Amino acid sequence: MPENKVADKELRIGVYTCYCGGNISGVVNCDQVAEAMGKQANVICSRTDISMCSSVGQALIEKDIKELGVNRVIVGACAPALHEQTFRGAVTRAGLNPFLYNHVGLREQVSWAHPHDPVGATDKAMHLMSAGLAKARLLDPLEPIRLDAKKHALVIGGGVAGLRAALDLARQDLAVTLLEKSPFLGGRAAQLGRTFPNQDEATKLLSELTQAVVAQPSVTIYTQAEIIGVTGYVGNYVVQIRQHGRGLSDHQAEKLMAACKQEVSDPFDYGLTKRKVIYRQYEGCSPASAAVDWEHYDGAPLQVDGYSVQLNDEVREFELTVGAVVVATGFDPYTPRTGEYGYGELAEVATLPQLIRHLAIHKDGDGLEWNGNAVRSLALIHCVGSREIEGIDQPHADGQVNNYCSRVCCSASLQACGELHERFPKLNIYDLHQDIRTYGRGHEKLYYNALENGVRFLRFNGEERPTVQAASEGDPYPVLVRINDRLTYGEEIEIGVDLVILAVGMMPRDIDDLVKMLKVSRGSDRFLLEVHPKLRPVETAVNGIVLAGTVQGPMNIQESLLAASAAAAKVSSLLGKGRVELPPFVARVNAELCQGGKPACVESCIYEGAIAQRTFIENGKEVTRAVVTAANCTGCGACVAACPHGAIDIQGWTLGQYEAMVDAIALELPELQEAAK
Amino acid sequence: MTSIHVDALVVGGGIAGLQTAVDLADQGFQVAVVEREPSVGGKMITLSKVFPTLDCASCITTPKMAATAHHPNIQLFTYCEVQSIRKQGAGSVATVSQKPRFVDTAKCTGCRLCEYACPITVPNTFDSNLGTYRAIRVPFPTAVPQTAVLDPANCLFCGKCEKACPVDAIDFGQKAETFSISATAVILATGFKLTPIGAKKEYQGGKLQNVIDPMMMERLLAPTGPYGRILRPGDGKEPMSIAYVQCAGSRDVTLGVEYCSRVCCMYAIKQAMLLNGALPLADVTIYYMDIRTFGKGYEQFYQNAKAMGVTFLRGKVAAIREDEHQNPVVKVELTEEGRVEERTHDLVVLSLGMLPGEDLSLDLGLKRSSDGFVNSPAPNARPNETDQPGIFVTGTAMGPMDIVDSIVTASGAAAAASAYIREFGKSPAAVAEESEAQKESVYA
């Protein structure tokens, strides 16, 4: 058995088994667990509570520390991710070192895993608790690693969420650097017309927001910039940035734009129009300077005033140290597969984002026209690329279906219906949906208005989506939409239309490189994942990396703004004091055991600068030994396994502690009870 | 009149108010939270489990309640009513009335001996009146603060509690006290009201015993609930057929409520899933117009419920009556089948919606929108702001929303208020250093 390191002080352990409001006690016999633990060596008290994390439960622990002299605490409750910090806080308040607390997961690990085996679950709970107890006996007081933190935040993405986060961070006295990959700010919102529910123009909202950001002296904005490397840790992330050149100065811009003849399909208009490779994204865009589309520019010199001008991309790379990172990289609208509802095959099939651009570009005219043809009748199909069902809908390139609701498309569709009706009152609109989800404040009004305006609603089942095909020659309309309409009790209805609009959902963007660099995770829907939707809704599992807006999941503008402000509040709390605390679970080298020979630990280390071999003079003798830089160490344990002399341990998770836990788990239940005596 | 100055005043100690308070206090600001009830925790603390993670509600709420109570920068004022708030320069001044608890909060230890001694039993409002508690009690087991409160309307003043109290904390002579809080920023987190159960006459809510509201079902499902199992209130029978009537208080112009309450689809589905676990043989039917499971992970939650065998029938329920066995009979047009049916269930839950809570105008001249909630002059630019500078709004005071959204808007409100305080109040630096110094000294 490993040596008890705190033999000088009598071990007095308090054990607490949480019912978790029935989540644990519904399966595990918590009282039996508590009783068994109460008989174990060094246990001063063993209690249960309906909810240990509540004020009452925490007070119980604090009282035992103060009155019974408890000096080690273990709680068997939910996963440590939820409430380990809560209980560390409670023991700290009672005057105990927070790391003399040990958490045992009895919910995710036991009651939720074995809901139909109460006896087995109780047995397992006892083993895990006794392992927790074995570890608790070997706990040492530890101090968190305190580091200076840069009062500087990096925001990745210059859409509404990124801009809002930057503004709020600056207003909370932090320096802010904002990176935007494209040459212009505004993101997806810039492509919208009027926004629900108040019918504000998106570009007007954006320009107000952008002006407010630009007016902040502590904000620096880099456009055409992206991240190529990230090292460091919370408080001190070192970020490598690559920025492309603007390529032309403002005084040449007009002439160069006039001289430029090369055109490409404009992604801003979803391919509906073409633009030059020297361009301004939209009227009133920010920055107002024209930019060169380096991806498509063919490199040919331009003729201006008789001179030949060659445009060159002056790429520069630089480094920045920031305390925290706000990820606001946004979403992509779903692009239907070729043939999905006739998309890409029939000229009369387009997406809702395309329609919105079309309406923004063609502001005049009495009738709606598409590809030069008058549109008399239009069908809008909801849930394209959303609410897909595994086994029924065709999987996407990564083998998954989009089984989530994209949240904005219902309101956006009905907003578009409103605008269409206002401008083209004679237009026939058919709305094909599963459920109308106009949930937001003022959104239901859009639905009422559409009903009043004569939009015809038809309803389909997710298992049986509508179909779109070309009509036969001589038919009055070029396209036929077929639906099994649930509102007419499953009648097969055929609708002839001039245009089909697909209300496409939101897709997570291809930001794999960034995800890898930041070491954040994606959820099952492939959007970036928060720690917990209620406890830490905008934070990722990586300390100091927070999420803002649609990078996390579908949201509308208002929701993105709120999420961005929430992200700013979290960063402000984190960096406001100019320093951060990191958990002390890092490698520790035992100076007596380290031989300083072949540095197996350094070779095995996967984090830069976490462990190194240093030579220094100690007591007049030159010694070579491994040295840990705590801030860079994640406590992964690779060096522990590599060291041939067993000289390295992870603080708070030592080999001795592991051995003791394994020994306890390996005991049979009667032995465990025997050991108690 | 005593007067307190803080950087931020949060009105309402529900989940949104608590989150805003903690976020501001973490930035070093001094925060006062005023809560009308004897405990913080709001509506959320009364829930059983919460969607979409099915965490028990108290597992999420109680630590936030405790974090607020323990925070060195937060002062909690429970059982206090804000009587008025007036703008004064950039800041505001609130007049607050401390209602008498008839218990000395400084002395009370929450031992509950008074409660055990009290002979008067009254309906337990925490349990939606399904169970009972005493005329003097700690409001509920996880209440913050753990301080008893005496309900003078039901008390006989027999003095048994006074004798039982080991710390001499009972004080029958306590009177309401008024004090003022001046703050640079005010955050309204006053929450919502549940649609009254009798709102829709046709459903006979409040008249039929086995037609209940969703908060009652939350308590029936809660492990700490009144019966420890699911029993219908009429006759204590275990219901084998349970129906949910969606949009029972929302999307209904006859009720004057045009809007969607956002949470009812998800809570009905959640309760249906929990019922499936509690009563595996019971049938659960949800009558709906549209299923609106729009949040992150919500659609998957809905699909899981369908796979578990919850029946979804599309149709707005027209009326509810009762048969001779007190079973509610639901009259509904099944729009997908094209017929009107009467269907009998053992228990019906009306999926009631969210109505605006307290009158927030409070001398502040705040406008309300047509939906009755506080007007948001720039929803797509500054969603937490109101018509008055320095007055912010968060959570369901902004309009119907679920817990996830309330918590995000609460942090959003903290960001907005923080910027305002930095501009018009003092810098938090001094406070931050102070609390940092305290923190250092905590370790033994």
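Two residues are in contact if their C-beta atoms, placed from the backbone, lie within 7 Å. By that rule, and leaving aside neighbours within four places in sequence, A548(A) is in contact with A161(A), G162(A), A165(A), V326(A), V327(A), A328(A), V538(A), A563(A), A564(A) and A567(A). This is a predicted model.

## Nonpolar cores

A548(A) belongs to the largest nonpolar core, which has 310 residues. It is listed among the residues with the most contacts inside that core, together with V326(A), V500(A), A567(A) and A8(B). Helix α8 of chain B, residues 403–424, gives this core its largest share: 13 residues. In soluble globular proteins, nonpolar side chains tend to be buried together.

## Where the chains meet

How many residues of each chain take part in the contact between A and B? The count is 68 residues of chain A and 64 residues of chain B. On the side of chain A that touches chain B, the elements giving two or more residues are α2 (55–68), α3 (80–93), α6 (160–171), α7 (202–214), α11 (444–452) and α13 (557–575). The largest share comes from α13(A), with 12 residues. By residue type, this side of chain A divides into 28 nonpolar, 23 polar and 17 charged.

## Chain B as a whole

Chain B has nine helices and 23 strands. Its C-alpha trace spans about 70 × 60 × 45 Å along the principal axes. For 444 residues, a compact globule would have a radius of gyration near 22 Å; chain B has 23 Å, which agrees. Buried residues make up 56% of the chain. Take the contacts in chain B with a separation of 6 or more: 70% of them join residues 24 or more positions apart.

Is helix α8(B) enclosed or open? Of its 22 residues, 20 are buried, so α8(B) is largely enclosed by the rest of the structure. The cut-off for buried is 20 or more other C-beta atoms within 10 Å. From its first C-alpha to its last, α8(B) reaches 31 Å. That is close to the 32 Å expected at 1.5 Å a residue.

## Strand pairings

Chain B holds an open sheet of five strands with parallel pairing. The strand order is β14-β21-β15-β16-β17. At the edges stand β14 (211–212) and β17 (311–314) of chain B. Each has a single partner strand, so one side of each is left without a neighbour in the sheet. Two bridges join β14(B) to β21(B), residues 347–350, and the two strands run parallel. Here I212(B) has V349(B) as its bridge partner.

Q613(A) stands opposite A626(A) in β37(A). The two strands form a hairpin with two residues between them. In the turn, N619(A) has a positive phi of about 50 degrees.

## Backbone exceptions

| Cis peptide bond | Omega |
|---|---|
| F196(A) to P197(A) | near 5 degrees |
| S286(A) to P287(A) | about -5 degrees |

Both prolines sit in loops. P197(A) lies between β8 (194–195) and β9 (200–201) of chain A. P287(A) lies between β15 (278–279) and β16 (291–292) of chain A.

Y489(A) is not a glycine, yet its phi is about 60 degrees. Its place is the loop between β29 (479–485) and β30 (491–497) of chain A. Is Y489(A) buried or exposed? It has 12 C-beta neighbours inside 10 Å, so it counts as exposed.

D168(B) is not a glycine either, and has a positive phi of about 60 degrees. It is found in the loop between α4 (160–164) and β12 (177–188) of chain B. D168(B) counts as exposed because it has 10 C-beta neighbours inside 10 Å.

Conventions: Residues are numbered from 1 along each chain as its sequence is written. Chains are lettered from A and ligands numbered from 1 in the order in which they are written. This is a predicted model: local features need pLDDT of at least 70, side-chain atom pairs count only at pLDDT 80 or more; totals for chains, interfaces and linings use all residues. A nonpolar core is a set of buried Ala, Val, Leu, Ile, Met, Phe, Trp, Tyr and Cys residues joined through C-beta atoms within 7 Å. Helices (H or I, at least four residues) and strands (E, at least two) are DSSP runs, numbered from the N terminus. Ala, Val, Leu, Ile, Met, Phe, Trp, Tyr, Cys and Pro count as nonpolar, Asp, Glu, Lys and Arg as charged, and the others, Gly among them, as polar. The radius of gyration is taken over C-alpha atoms; the globule rule is 2.2 Å times the number of residues to the power 0.38. The expected span of a helix is 1.5 Å times one less than its number of residues. Two strands pair if DSSP finds at least two bridges between them.
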